[in-house]
Each structure stands twice: as structure tokens, then as C-alpha cells.
Amino acid sequence: MVIKDIESKLIITKFAMHGYNVHPSAIELLKEFKEELDELIPKICSSLDGNFIITPDDLRPILNKVKKREKNVQTVTVKKPKSEICILKDVTGSSACEGNVNDFIAYFNSRFEKLSKILKKRLSGVSISNVKKLRSENVEVIGMVKEVRETQNGNALVEIEDNTGTIRFIATGKLKETALELMGDEVIGVSGVLKGKNIIADRIIFPDVPLNGKKKKSDFSIVFISDTHFGSKEFLEKEWDLFVKWLNFEVGNEKMREVAESVKYIVLAGDVVDGVGIYPNQDKDLTILDVYGQYEEAASQIDKIPKRIKVIISPGNHDAVRQAEPQPALLKDFSSLFSNNVINVGNPSMMELNGLKLLIYHGRSIDDIITKIPRLDYSKPHEAMIELLKRRHLAPMYGGRSPIAPEKEDYLVIDEIPDILHSGHVHTYGTSFYRGVFVVNSSTWQAQTEFQKKVNLNPMPCNVAVYTPNGEVVRLKFYGS
Ligand code: D5M
Ligand code: FE
Ligand code: ZN
């Protein structure tokens, strides 16, 4: 009894040091995890959305994962018996959609459910059919954006829906700018005053990332690369060789060597190869004309990376997997070509690297976001990625240039907040911290193609971002002679 009391006190004190109280029933749950408590507490605290009393409901997602992690140790495809890499979410092997009407209904329901659950921590949100029955003039609703347009008198008119009905809200002044940036099928909260059938909005609430996030530290570095496009005539081999030499301690000053020594993971966020038949007349732009040969080349180039480093590879729209997102990992025919230090995952994929949560997403929706929001452009891809975090969705706009497979669960919702969000696709470089999340777009190893010249796309190739142990970011540029 006495020992139990001491255990409780210890748990209470540890959380109090982070500024949180713990409900007695949550204390009981935590006692089962006393070995992992110091590791778990920061995770639990950073997952809370503004509530100060921790309940069992707050703990379950994290504690379940610890249990799942124990199970995953045997199933994750790494070679050591105890893995430092834990895949938290990935469609690979779980795709269950046929693309019929019921799949689409289930998909959008999942999107709405997941995002409205996040939003419910911010606002009360009555169902739309109940809004009209309310006595009070002040209303708060959660809905999926159906239509956005500008009215004749210069306001924004937005129609939103939930599974009980639709309602329109009007946004004026500064709020109008936010409203006009809304994308079809994203899920938002609205608060305002009911006037007739419409709501005059005073606030638009995004699911967003909580404000209290802090940048995560580690005791290793992660290198972020993307869009290698092996097999393309524009693949920058000299620059790639320099990159590989740096990792092998053959080039670079003392500081660069120190950084190279600390690298434990390299993450490649898709477009591993240039592919075949991805766009008309692509064969003119290829050095390797068959996709198998391109993956053989990819495997041999990646084999030059020292084996002390684990390489995580996720596919993109040029890779030999289905185009619609979420994309599964490369098929065994291709993945088996790579050495043992390579792990193939899907797109998107959420994983933990020694406790650091990494979300990889190739980034096709960045094109849609940049097209939709005029203040954004390709020279700052990280700003478009921040819009994804705000919307807690990797492809918020349905029906743009990012095809989505209607899985029964929406894998593109950012359920759990990552420490790092990594993308590529747009071939430009940009990094930022958003509410503690490191946001990185790691450019390309392909020079400007004829096609890109025509559409005025200016790539920034051979830029590499390194996330170092203290959470600082080092930008390396490799220029071949
Ligand atoms: O995409 C590299 C970049 O080029 C990305 O921002 C999209 C852009 N791109 C690629 N194809 C097209 C078409 N057909 N129209 C407009 N923009 C395009 P990657 O995935 O490497 O091809
Ligand atoms: Fe690409
Ligand atoms: Zn791409």
C-alpha cells in the first residue's frame, strides 16, 4: 500500500514538473508503464491539446503504441532483433479499397470523423441540422468545405457540410482572406452569429498543431534527400558522388566530418527513379529505359552509402507503385535489389526513429496548395507544407493534382503530430519550424528538365538538410566540378 502511494506520488510529481495534473484513474494506468515513464511523459505532455488534467483517454493512444511497439519489434523489416525504427502508420499491406461509391463514402466519413475529433478540442461544434433549432444566436459548427466563392458585395461565401446537412457562412474583412484560401473537402470549425439561414463568421478554426510544441532533440543526425530520379538524363551524378564521398568522410572540412559522423539515418522522400511512361515522350529524357534497370541503378547508387547508416525510402509519383495516395512501399521485385541497410516504406509513412516521430510524404499536394493560395510559391515549399500541418491533412484538396485512393481509413490525415514532416516533389529546398515541428523539403538530384523549363520551374538541386542532435538544421550544397 505504502509502495503504491509512493508510485502515485512519483507519477504526480513528474507530471507536475511539466505543468500537468493527472486524474487518479490515469495514474493507475501509468503504473503499468513505470519502466518507460521518463520516456513517455514528454510524449504524453506534447500530445495534449490544452487540457491540464490528464485522463485515461489522453493516455490510451500513446500507451497502446508502446504495447504495439513491443509487437512490432518482431514484424518491422529491419535486420536487427530489436529495432530502433518503428513504423507507426503506413498503408503498405493494408490497402482495402476498390474505388466504388461505398469506398468514397467511407473515405470521406473517415476524413470528417478524424478531423472533427481534433477540432472538437477547440470548439463545441453542434451538428449542422441542429444549428437552425438553436435559441442562441452564437453558433459553433464543424463542417467539410463544399464550396467557396466571392460574393458580389466583396465578401466570401462558404458552404460547409456534415452528415446532417449543409450551411453557409459569410466571411468579411480579414477573415475573408482566410476563407478564400479554404480548399474543397478540408474540415474546419466556424464560430459566428446566426443571421437568417447563414452564419456571419467571426472565426475560422483549423485543426492545426497545438501551440505548445517544442523542437525535439536526439543523439544522432538525420539526412533528408528526395527526388533522386535515377535513370534520368538529368540525374546529377557528380554531385551525388560528392554527397556519397562526404558520407564516407572523403571530402569536407572538420565540421562537415563531424556532421557526417553523427548521421544515423538518410530519408529519401520519393521519386527514387525517373520511371517510364510517367509523361509523354519521357524516353527521350532517360539514360535507362526500363524501370527494373532504373531500380538496379538506384540500388547500386544507394549501396555507396556507408552501411552504418540506415536508409529509409518512400515512393513518389515517378515510382513503380500505384499513383493514388496513400502509395504502398515498393514491391519486393524492386525492394529486394537494395542492400540490408535500406528500409522501404509507403507514402505517406509515419515512423519513430529512436523516439523521433517522422512523417514522410512525397508532396504531390504541394502543387495544389501553391496553385490555390497566391501568397505561396515554389521557392518556399516549406510554407506550403505548413498549410498541410494547419489543416492536419497531407492532401486537403480533393480532386486537384493529387489522386487519392479511397481507403476506408483516411491515411492522409495527420492524426498524430510528428516531430518532423519531410517532403520533396517540387524540386526546391526549404526548411522551417512550425510549432515545434521541423518542416523540410529536400529538393532533388535532377537538373532542370526541358519540361520544367517550359513550365518555368526552377529546381534547386543537390541541397541536403541535416537535422542535427541539438535540433539545429545544417544545409549542405553539393556542387560537382
Ligand atoms: O515533379 C516535379 C515538379 O514539376 C513538381 O512541382 C510538379 C511539376 N510538374 C511535373 N509534371 C507537371 C505537369 N504535367 N504540369 C505541371 N507541373 C508539373 P515530378 O514529380 O518530379 O515530375
Ligand atoms: Fe520529382
Ligand atoms: Zn514527384
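**Terms and values**

Reply: Among contacts in the protein chain (heavy atoms within 4.5 Å) between residues at least 6 apart in sequence, 69% join residues at least 24 apart. This is a predicted model, in which local features need pLDDT of at least 70 and side-chain atom pairs count only at pLDDT 80 or more, while totals for chains, interfaces and linings use all residues. Residues are numbered from 1 along each chain as its sequence is written, chains are lettered from A and ligands numbered from 1 in the order in which they are written, and side-chain values use heavy atoms, with hydrogens and water left out.

Me: Why does the radius of gyration of the protein chain agree with that of a compact globule?

Reply: The radius is taken over C-alpha atoms, and the globule rule is 2.2 Å times the number of residues to the power 0.38. For 481 residues a compact globule would have a value near 23 Å, and the protein chain has 24 Å, so the two agree. The C-alpha trace spans about 70 × 70 × 40 Å along its principal axes.

Me: How many helices and strands are there in the protein chain?

Reply: There are 14 helices and 19 strands. Helices (H or I, at least four residues) and strands (E, at least two) are DSSP runs, numbered from the N terminus.

Me: Why does Asn198 count as buried?

Reply: Buried means under 20% relative accessible area, exposed over 50%, and partly exposed in between (1.4 Å probe, protein chains only). Asn198 has 18% relative accessibility and therefore counts as buried. Asn198 is located in strand S8 (residues 198-205) and touches Arg168, Ile170 and Val193, leaving aside residues up to four places away in sequence. Of the 481 residues of the protein chain, 55% count as buried.

Me: Why is Asn281 called exposed, and why is Arg392 called buried?

Reply: Asn281 has a relative accessible area of 52%, so the term exposed applies. Arg392 has 3%, so the term buried applies. Asn281 is in the loop between strand S10 (263-269) and helix H10 (291-302), with phi near 60°, a positive value in a residue other than glycine. Arg392 is in the loop between helix H13 (381-391) and strand S15 (420-423), and its phi, near 50°, is likewise positive in a residue other than glycine.

Me: What is the omega of the peptide bond that joins Glu325 and Pro326, and where does Pro326 lie?

Reply: Omega is about 5°, and the bond is cis. Pro326 lies in the loop between strand S11 (310-314) and helix H11 (332-335). The peptide bond from Asn347 to Pro348 is also cis, with omega near 0°.
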